[in-house]
Amino acid sequence: MAANKKNRNVAIIGIGQTQYSSHREDVNQPEMINEAVKLALQDANLTKDDIDCFMHGNMELFEMVHQPDLWHVLGTGAYGCSEFRLTTGGTTGITLVCAADNLVASGMYDIVLAVGFEKLQEGHTTGGITNMADPLWGRMLQTGALTGTCAADVINEFGEDRARRAAMKHRIIMDQHASRNPNSHRSFGLEMDQLEDLMENSPRLVGDLRLIHMCSQSDGACALIFACEKKAKELSDKPVWIRDHVTTHREETLWMYPLDLSQKEEPTHRKAPRELFERNGIDKPVEYFDVFEMYDPSSWWGMDWIREFFLLEGDEHIRMVENEDIRIEGKMPICPSGGVVSANPIGATAMVRVAEAALQIRGDAGGHQVPGDVNHALASGFGGTLWTILVMLEKELDWE
Amino acid sequence: MAEYFGTTVEDIFRTQDSRFRPEGAEGVDVVVAYNISGAGGGRWKLTVKDGASKTEKLKDDDFGGFTAKMSADAETFVGVAVGQLDGAAMFTSGKLKGEGDMSVLMKLPMMFTKYMPPKKGITAADILATAVERFRPDMAGDLDITVGYKLSGEGGGEWTAVIKDGKCALEEGLRDGLTVTNIASASDYVDLMLGKLDPLVAIGAGRLQLKGDMETAQKLPKLFSKFIPPEASSGPELIVLKKTISVDMKYSTGRMMGKFLKGLKEKKILANKCPECGRRQVPPREICAACVCRAEEFVEVGPEGVITMIEYVYYASPDPLTGETRETPYGVAIILLDGCEGNETMWHLLKSDELDSFKRGDRIRPVWAEERTGNLFDIKYFEKVR
């Protein structure tokens, strides 16, 4: 797989996020987007006239507006300027990051502003996701993004009690992270002594996936500004460099269960890190990275994927959760923001992972800042039908 | 009575039947049990049937049968009912709990309009000031009466309603020779008019005295429509436009899926086979994703197979084909059909009335629809091979 063939380096020089919330009836879509755009421009100390190209992304099936970029042009600031619109489901936000990186690296534009948003309360989330499946087959059977297969896998491998405890522990840690992130949509104030009660009493959705495990439906927007190396060094004293990214998708694995890994089919959350780390010469990602902002659609996936994303084996990932290594102050902080289970404005969600990872590198994450130096950060995106995207961020331009 | 957010649990249940929306409960036949803990809590039972609702407070712990049950502490329950707490968040965090058919609980907001707490500080004078507009000439007929209100305590005063020739006028002070006189404290009168105090209880306890012509007194409640308190308002009205989009769609099936669906019409399940690796794909996909080559050869598989995974779905999601909420729980199975191996699985539904008896490894077979149209649901569902 071709990689590291960038024409020139690209950095993130502006970050803006709205408050994530269950309802924003006080603003319409362009107004909400504009909140994030303005914050990103302020953060980069730029005006909209400094932007060479805008990118816009959401999932149109949720709000049922099929050219939202036209309505939103006063919010994005794209009037009289180049603009692209992207929609790739749950990964939309991070696909915007990959595309903006490519646009700037190509030399086509020096400065690109990308904004991802969703107003999930304006539509029907599960209906929208279900209608994303192919209309000939999957649509009739799918239940939105809900599935218990991951829970079944983990239970099968590690036993009911250990698996359920670890998933709930992951959930409670995420809730406690969210309590330190003022932008977070949900923070219930969960404590570890509620673990057993939640394991038993949280309503079941599908199989062992319970309501408390699942991500929220949020309103909100996130904007990032990307610049070429020359401009980034001129304009920013804390540029965050995009080292590499990988995109994988394989829809058929959705209904393959249990997936026999000795066969040809490889899940995307396994293929993406394998390729990315191989081509970047990273043998032990768990040692290399200082923080990981993972797209965790549910605590089951959030816990289970630690193994694949860090190329771990056996129960290493479960032990990381059991030992609370994933806490902000832990050995391998995961989702200091509180993750997707705490805020999920879908078209923005995957971009928020990159935004939060970049804030960690800058040391600007405030109450949920990881202590010590953050030099290397990883962000992931996930979406239906089983897409995985990974983005690597660096503090210094010192890799080969 | 313990108040939360200025409202009691009683307030909500007492007004529940008056907030019923028959149009939101078409064909609904359910019993919902409410177990509200803490100060001001209790047990209530709601029965919705034949387009009517009945809410009753239970004296003992026995709910009897119910379709769904909701449990919460009084503060959470009131907070959600008055919109001060996010219901979804309370449900997720376990403060609001559901049992039984959860889809019923999700339909409740359709069946009842939201509880609106009355504006604070409503006075007897506020209520009497609306008497003229609430007067119902159709019920008064040719009545010629004077009704006095002698209300004591804070906010009290004396008023007379003069009803004559199908009209009502309100005067301050008490006329002589009143047909009926209402005597109460101003605060009890307000509670009576807001439905917080039961009139029979008030009369029995001597808190409401009626003097004069008792026959006329009994007619009084019918002469006026119910006092509806102005809603408590919090900030400016935010106008939200509501839309329902309903579009008939049709999708061409294409060469591979078309052949597969034609097979279903003929009660055959067809897979396509990769010429390079031999992998079978159900349903067929034009390209073998593993070898990235065209896979044109069709082979018949199944129709029996083995369950490799069951997804029990408890979440009442909408059926994207009809928009109707699906009945829960239902079972989606990942199935390895005979003639397939390894990861060559497919998915379909399990027979719902046997749901509890299925387990991984069970042999199952398709139940074919009588009329088959070339559709996934030409197989209604899979059932156990006995």
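In the hairpin of strand 1 and strand 2 of chain B, 4 residues lie between the strands, and B:Gly38 takes a positive phi near 90°. Helices (H or I, at least four residues) and strands (E, at least two) are DSSP runs, numbered from the N terminus. The model is predicted: local features need pLDDT of at least 70, side-chain atom pairs count only at pLDDT 80 or more, and totals for chains, interfaces and linings use all residues. Residues are numbered from 1 along each chain as its sequence is written, while chains are lettered from A and ligands numbered from 1 in the order in which they are written.

**Hairpins of chain B**

- Strand 1 (residues 30-37) and strand 2 (residues 42-49) of chain B run antiparallel, joined by 7 bridges. Two strands pair if DSSP finds at least two bridges between them.
- B:Val31 has B:Thr47 in strand 2 of chain B as its bridge partner.
- Strand 2 of chain B also pairs with strand 3 (residues 52-58) of chain B, antiparallel over 7 bridges. Here B:Leu46 stands opposite B:Thr55.
- The hairpin of strands 2 and 3 of chain B has 2 residues between the strands, and B:Asp50 takes a positive phi near 50°.

**Chain B overall**

- Chain B holds 11 helices and 20 strands.
- Its C-alpha trace spans about 105 × 40 × 40 Å along the principal axes.
- The radius of gyration of chain B is 32 Å, whereas a compact globule of 386 residues would have one near 21 Å. The radius is taken over C-alpha atoms, and the globule rule is 2.2 Å times the number of residues to the power 0.38.
- Of the 386 residues of chain B, 30% are buried. Buried means 20 or more other C-beta atoms within 10 Å of the residue's own, exposed means 12 or fewer, and partly exposed lies in between; C-beta atoms are placed from the backbone.
- Among chain B contacts between residues at least 6 apart in sequence, 63% join residues at least 24 apart. A contact needs C-beta atoms, placed from the backbone, within 7 Å.

**Helix 11 of chain B**

- In helix 11 of chain B, B:Met256, B:Phe260, B:Leu261 and B:Leu264 are buried.
- Seen down the helix axis, the buried residues of helix 11 of chain B fall within an arc of 125°, so they line one face. The arc is that of the directions from the helix axis to the C-beta atoms.
- Their cover includes strand 11 (269-273) and strand 20 (379-384) of chain B.
- B:Lys267 follows helix 11 of chain B, with a positive phi near 60°.

**Sheet of chain A**

- Chain A has an open sheet of 9 strands, in the order 3-2-4-7-1-8-11-10-9, with mixed pairing.
- Its edge strands are strand 3 (82-86) and strand 9 (291-293) of chain A, each pairing on one side only.
- Neighbouring strands of this sheet are turned by 25° against each other on average, direction ignored. Axes are lines fitted to C-alpha atoms, for helices over the stretch in contact, and angles run from 0 to 180 degrees between N-to-C directions.
- Helix 1 of chain A packs on the sheet, touching strand 1 (10-17), strand 4 (111-119) and strand 7 (219-228) of chain A. The direction of helix 1 makes about 130° with that of strand 1 of chain A.
- Helix 5 (residues 92-105) of chain A packs on the sheet too, and its direction makes about 170° with that of strand 4 of chain A.

Key
Contact = placed C-beta atoms within 7 Å.
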